[in-house]
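Please read it with the structure open.

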Amino acid sequence: MRLGKFTSPLPPVSQTGVQLMNVLLVGINHTTAPVGVRERLAFSEAGLPVALQRLLVGGSVSEAVIVSTCNRVEVIVVPSLPTAEAVEAVTTFLCDYHDVPAGQVRPYLYVHQSSAAVRHVLRVAASLDSMIVGESQILGQIKRAYALAAAANTVGRHLHRLFERAFAVAKRVRTETGIGAHAVSLGSVSVELAHKVFDHLTDKVLLLIGAGEMAELAAKCFFESGVTSLFVANRTLAHAQHLADCFHGGGRALGLDELPARLHEADVVVASTGATTYHITPAMVRAALDRRRYRPLLLFDLSVPRTIAPDVAVLDNAFVFDLDDLQRVIAANQRERRREAERAEAIVEAETVAFMTEADRLDIGPTVAALRERLTDICAAEFERHRKRLGPLTPEQEAAMRQFLLEGIVNKTLHPLILGLREAARQGSELVDLRRAFALDSVALKTDTARDNDAVSTHEEPANQRLYR
Amino acid sequence: MSTLLLIAVACYAFGAGHAIFTVWRTPHPRWFWIALWLMAAGFAAHTSSIVVRGWEVARCPLLSYQEVCSFLGWSIAAYFLGAYLWYRSKSFAAFAMPMVFLFALAAWLLPAPSDTAAVLKFYGQTASLLTLHAVLFVFAYAAFAILFVAAILYIVQERQLKQKQFGPLWSRLPSLDTCDDVSGKALLIGFVLLTLGILTGIVGSRRLNGVYWHGDPLEFLSLATWLIYFCVVHYRLTAGWRGRRAAWLGIVGFAMVIVSLVGIGWFNGFHSIG
């Protein structure tokens with residue numbers, strides 16, 4: 001009976017120990033590396049499947065996802081080698097793949113492991129690690145990276161769990177905090193202000209004065225928010241036409257001299273010229289407002305010196321924002337975002353802990369159960385063996401003996417073992433390290449190794465005797 | 001009836017409190033629907049209370065001060081719920097709900113009407129016409145109340161945009177367009193109803209005792225109210241007046257409405273009711 005019970009299965013044990021949830025992250029981002037290094041390590045989307053396959057071929061990692069954006073290159077893996085070797089393997093892969101000397105890359109790399117790696121992935125997905133905290137693109141980029149890795153078959157259950165959680169956390173952060181709610185670029189702030197005046201922008205007309213890059217960026221933001229009609233006024237009509245053509249052909253080019261006659265058709269004006277005189281004067285705006293029956297007119301002046309006369313602001317139903325005003329809004333919004341980011345960090349921290357606890361449970365759970373069973377067997381067997389020496393016992397005494405003494409011994413013995421396992425899981429070290437938790441070769445571990453050697457019966461006896469006699 | 005009204009008042013109180021709290025906490029409150037359902041529940045109870053009261057006295061319950069307050073609160077709630085379904089502005093709710101609550105509370109606190117049979121008898125044949133007159137006025141006042149809320153929101157928002165000082169209300173205010181749209185529609189509805197209300201009043205009065213004008217303070221107040229809103233409508237239509245000036249006139253107009261409402265109970269005259 002004893003022998004039969006001892007063959008109770010333990011979870012698959014690798015050469016080096018139990019298979020624990022261990023994640024390793026090696027990467028660079030905009031804070032650690034200059035763009036010159038980042039661009040050399042960047043992966044093209046088309047090249048990613050091959051790169052992922054190549055990373056796995058070495059056998060040093062069992063799962064991998066590569067996130068490559070303009071601000072970061074991060075390789076997230078589940079290592080199958082001890083940490084140091086796995087880090088080395090990933091670094092070598094990065095350098096070899098991009099044909100960059102390792103010495104040029106190493107100083108910029110950061111390595112996160114286990115819970116630190118999990119936290120990092122959650123933070124990145126929640127846009128807490130972004131250059132512009134709270135920007136929403138990063139989540140899409142990570143989802144894409146994950147999808148590519150999944151398609152390339154380099155994602156297993158560990159990274160699957162991790163990324164699914166990262167997406168959920170990012171969503172939670174976005175809904176529970178206002179981290180993405182405050183615009184922090186000139187274009188998006190302008191759009192935000194426009195929404196304070198106009199309910200929706202779909203039927204509104206945008207007038208750009210000047211056809212430079214600033215105007216184009218602003219126009220892009222407004223088009224993303226639904227604006228469909230565009231005028232571009234510029235000194236050089238060809239440039240105006242060129243910019244107007246960029247937007248669904250919905251744009252019309254104007255000469256600057258046409259402004260007074262057309263201003264009333266615009267609802268939002270974005271001016272960014274290099275002019276030294278005011279192109280928009282109070283008289284023009286007053287006439288325009290009169291012609292548009294005092295429907296509000298919103299004017300943004302992104303140029304220095306200004307294109308729109310400051311006096312325009314005193315007119316009723318005309319709202320003027322110059323560069324300083326917009327910068328002030330941005331600064332305020334950034335403060336707001338930082339405040340929200342703190343709340344988001346708290347969410348990420350809690351989610352990291354929850355994730356790790358769950359991972360521990362998933363990973364060491366079967367081991368713990370099997371160990372408990374084995375310890376119970378040992379205790380029961382020893383009790384049976386020495387039962388006679390105790391002399392006659394009442395049924396109550398016997399039951400108490402079994403229930404309290406044996407169970408107590410099992411639980412007390414198991415407790416440090418569980419702690420040790422959990423610690424090992426966290427640090428990604430091997431199960432053999434658990435011997436330290438007992439300060440001597442414990443029964444459980446003896447038998448554990450014994451099972452591997454398929455020599456249960458021969459090892460069992462002396463070990464038991466050493467512990468109990 | 002008073003139990004139903006109490007339920008309504010309680011629902012309005014919690015609804016308004018919840019709306020203010022959630023909107024104050026965040027511009028996009030997730031639990032806002034609670035406020036809305038409380039409001040709807042309050043409205044249902046309020047409606048029943050008015051119907052029950054009408055059933056009890058077998059007439060339109062609009063002959064006492066208490067009944068007028070109740071009816072006005074109910075009308076504002078109806079208008080507000082409709083407007084919310086249309087515009088979905090949560091911050092608007094946080095401002096309109098307390099007003100509904102206040103009128104319902106006033107109705108609950110005021111003494112129950114004394115016997116109104118004598119009044120009804122006095123009106124005789126013109127009772128139904130004069131009831132219509134009162135209903136039109138109450139509906140007009142409800143529209144002006146909504147206009148008042150929209151005007152306040154407009155002025156706050158416009159001031160912040162002009163001065164570029166973005167206070168705590170900033171992210172919670174509806175756009176100027178929305179405020180303007182709400183006030184434009186409320187103005188139109190209110191003005192038409194007010195005009196009809198005045199006309200029915202004149203006709204009813206003529207039938208009752210052959211007099212068009214009693215020199216009653218309420219008549220002067222209503223005329224002044226009508227003139228103010230007439231100005232807003234006129235300038236809106238002809239000069240495209242909108243925005244700040246129209247909003248201020250809307251606020252002044254509502255001040256007149258409040259004075260008129262108080263006047264019904266206060267001034268001794270043809271219009272005074274118990």
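1. Ground rules. This is a predicted model: local features need pLDDT of at least 70, side-chain atom pairs count only at pLDDT 80 or more, and totals for chains, interfaces and linings use all residues. Residues are numbered from 1 along each chain as its sequence is written, while chains are lettered from A and ligands numbered from 1 in the order in which they are written.

2. Confidence. The predictor gives the complex an ipTM of 0.81 and a pTM of 0.67. Chain B has an average pLDDT of 84, and 91% of the residues score at least 70. Here pLDDT is the predictor's confidence in each residue, from 0 to 100.

3. Chain A overall. Its secondary structure comes to 18 helices and 10 strands. Helices (H or I, at least four residues) and strands (E, at least two) are DSSP runs, numbered from the N terminus. Of the 469 residues in chain A, 41% are buried. A residue is buried if 20 or more other C-beta atoms lie within 10 Å of its own, exposed if 12 or fewer, and partly exposed in between, with C-beta atoms placed from the backbone. Take the contacts in chain A between residues at least 6 apart in sequence: 69% join residues at least 24 apart. Two residues are in contact if their C-beta atoms, placed from the backbone, lie within 7 Å.

4. The four-stranded sheet. This open sheet of chain A has the order β2-β3-β1-β4, with antiparallel pairing. Two strands pair if DSSP finds at least two bridges between them. The edge strands, each pairing on one side only, are β2 (61-68) and β4 (110-113) of chain A. Seven bridges join β2(A) to β3(A) (residues 72-79). I66(A) has V75(A) as its bridge partner in β3(A). Helix α6 (residues 115-125) of chain A packs on the sheet and touches β1 (24-29), β3 and β4 of chain A; its direction makes about 110° with that of β4(A). Axes are lines fitted to C-alpha atoms, for helices over the stretch in contact, and angles run from 0 to 180 degrees between N-to-C directions.

5. The six-stranded sheet. Its order is β7-β6-β5-β8-β9-β10 in chain A; the sheet is open and the pairing parallel. The edge strands are β7 (251-255) and β10 (318-322) of chain A. From one strand to the next, the twist averages 15°. Helix α9 (residues 186-197) of chain A packs on the sheet, touching β8 (268-271), β9 and β10 of chain A. Helix α11 (residues 237-245) of chain A also packs on the sheet, touching β6 (229-234) and β7 of chain A.

6. Strand β5(A). Four of the five residues of β5 (residues 205-209) of chain A are buried, so the strand is largely enclosed by the rest of the structure. Five bridges join β5(A) to β6(A), and the two run parallel. The bridge partner of L208(A) in β6(A) is V232(A).

7. The interface. Contacts link 15 residues of chain B with 14 residues of chain A. On the chain B side, α6 (127-163) and α7 (176-209) each supply at least two residues.
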